[in-house]
Amino acid sequence: MAAALALGCSPSGLPSQLSGRRVAFTTPLTYAGRLARLLELRGATPFHLPAVVIDTTPRTLAALLPYLAAGALESFSALAFTSRNGITAFSLGLADADGPQPLSDSGELFTIAALGNDAELLHEEGFLSKICRNPSRIRVLVPEIASPANLVESLGAGSGRRILCPVPSVVDLEEPPVVPDFLRDLWARGWVPERVPAYETRWTGPRCMEGLVALDTALDAMVFTSSAEVEGLMKGLQALGWDWGKVRRRWPKMLVCAHGPVTAKGVERFGVRVDVVNSKFSSFDGLIEALTLMMRAYPNSQLGP
């Protein structure tokens, strides 16, 4: 990883080290633009194959609204976001809510926690002021390592206090262990987590891998940013009479990349070997750096089975 640090600053300041490489990614549309742009800055050709859809729905907005009413958060000590989508959904709910803020101007310190670059959204469009007009009552917590487990550690002992957790409702897919593990860890640290379905994560549908099946040229890498994407890909392949083994046989030198160790563990649950895992996972920059390093080290090697 020292070599990754030696590469320097932002992708825009680097040479086109992925020039001529086609990189597939199964990321939902909400993240696709950012990841595609980073790949293009390195000279790669992005190939988007969205395996899951992430969206707010009338049902999830209705689930959030009771927590956005005047004084609704007074019985909580913290609000924890494990994804950008949770923050976005909460922000949409705040925009729809009528009346005073869910936190009054006076009271105990209230913690709002988020991961990595997701925390930037907390400071946009008056998000915090829509929760409480008194900024000194709110503490923003961002763990040094952007993972749910480190978020729990950063929160410290709960001592029986309540914490609100806006998380996804998973539809047509098996729920990845990330959220259940996060809630379990909170309980273990003495918190009383309250789960609220803030948005939906669902399978894109049986035609989602038609682009992959039709591809008749080289594919150098495939990137997963969540384990749900892998299940969506597998279901899409199955719907078209394919499986992962056929993908590997068509592109035997393709690298499989996972955005962070939590995603890597989830990917391998589906029998997919991961070749590249980034250790800097607060943003996609670390993922692209890790992929670039691997392709420089093994430009022609077949790594995965």
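A residue is taken as buried when its relative accessible area is under 20%. In the predicted model examined here, His-259 has a relative accessibility of 14% and therefore counts as buried. The residue is located in the loop that connects strand 10 (255–258) with helix 11. Leaving aside residues up to four places away in sequence, His-259 is in contact with Phe-224, Thr-225, Asn-278, Phe-281, Ser-283, Phe-284 and Leu-287.

Rolling a probe the size of a water molecule over the atoms shows where empty space is left. The count of cavities of 30 Å³ or more comes to 2, and the largest cavity holds about 890 Å³ of space. Its lining consists of 39 residues, and those nearest the centre are Tyr-31, Thr-82, Ser-83, Thr-225 and Ser-226. Two or more lining residues are contributed by each of helix 2 (29–41), strand 3 (52–55), helix 4 (84–96), strand 7 (162–171), helix 7, strand 8 (192–203), helix 9 (227–239) and helix 11. Classified by residue type, the lining of the largest cavity comprises 19 nonpolar, 15 polar and 5 charged residues. Thr-225, listed among the residues nearest the centre of this cavity, is also one of the contacts of His-259.

As for open space, the largest pocket contains about 260 Å³. It is lined by 13 residues, of which Pro-177, Val-178, Asp-181, Val-262 and Lys-265 are closest to the centre. Helix 6 (148–155), helix 7 (178–188) and helix 11 (261–268) are the elements that supply two or more residues to the lining of this pocket. The greatest contribution comes from helix 7, with 4 residues. The lining of the largest pocket is made up of 6 nonpolar, 3 polar and 4 charged residues.

The largest nonpolar core contains 30 residues, among which Leu-212, Leu-219, Met-222 and Trp-244 touch the most other members. At least two residues of this core are provided by each of strand 9 (221–224), helix 9, helix 10 (244–250), strand 10 and helix 11; helix 9 gives the most, with 5 residues. When residues up to four places away in sequence are not counted, Leu-212 touches Phe-47, Leu-49, Leu-219, Met-222, Leu-237, Val-247, Arg-250 and Trp-251.

Methods
Residues are numbered from 1 along each chain as its sequence is written. This is a predicted model: local features need pLDDT of at least 70, side-chain atom pairs count only at pLDDT 80 or more; totals for chains, interfaces and linings use all residues. Side-chain values use heavy atoms; hydrogens and water are left out. On a 1 Å grid over the protein atoms alone, a cavity is a set of points where a 1.4 Å probe fits but cannot get out, and a pocket is an open set with protein on both sides within 12 Å along at least five of seven lines; lining residues have an atom within 4 Å of a point. Grid points are joined across faces, edges and corners, and a volume is the space filled by probe spheres set on the points. Ala, Val, Leu, Ile, Met, Phe, Trp, Tyr, Cys and Pro count as nonpolar, Asp, Glu, Lys and Arg as charged, and the others, Gly among them, as polar. Buried means under 20% relative accessible area, exposed over 50%, partly exposed in between (1.4 Å probe, protein chains only). Contact means heavy atoms within 4.5 Å. A nonpolar core is a set of buried Ala, Val, Leu, Ile, Met, Phe, Trp, Tyr and Cys residues joined through side-chain atoms within 4.5 Å.
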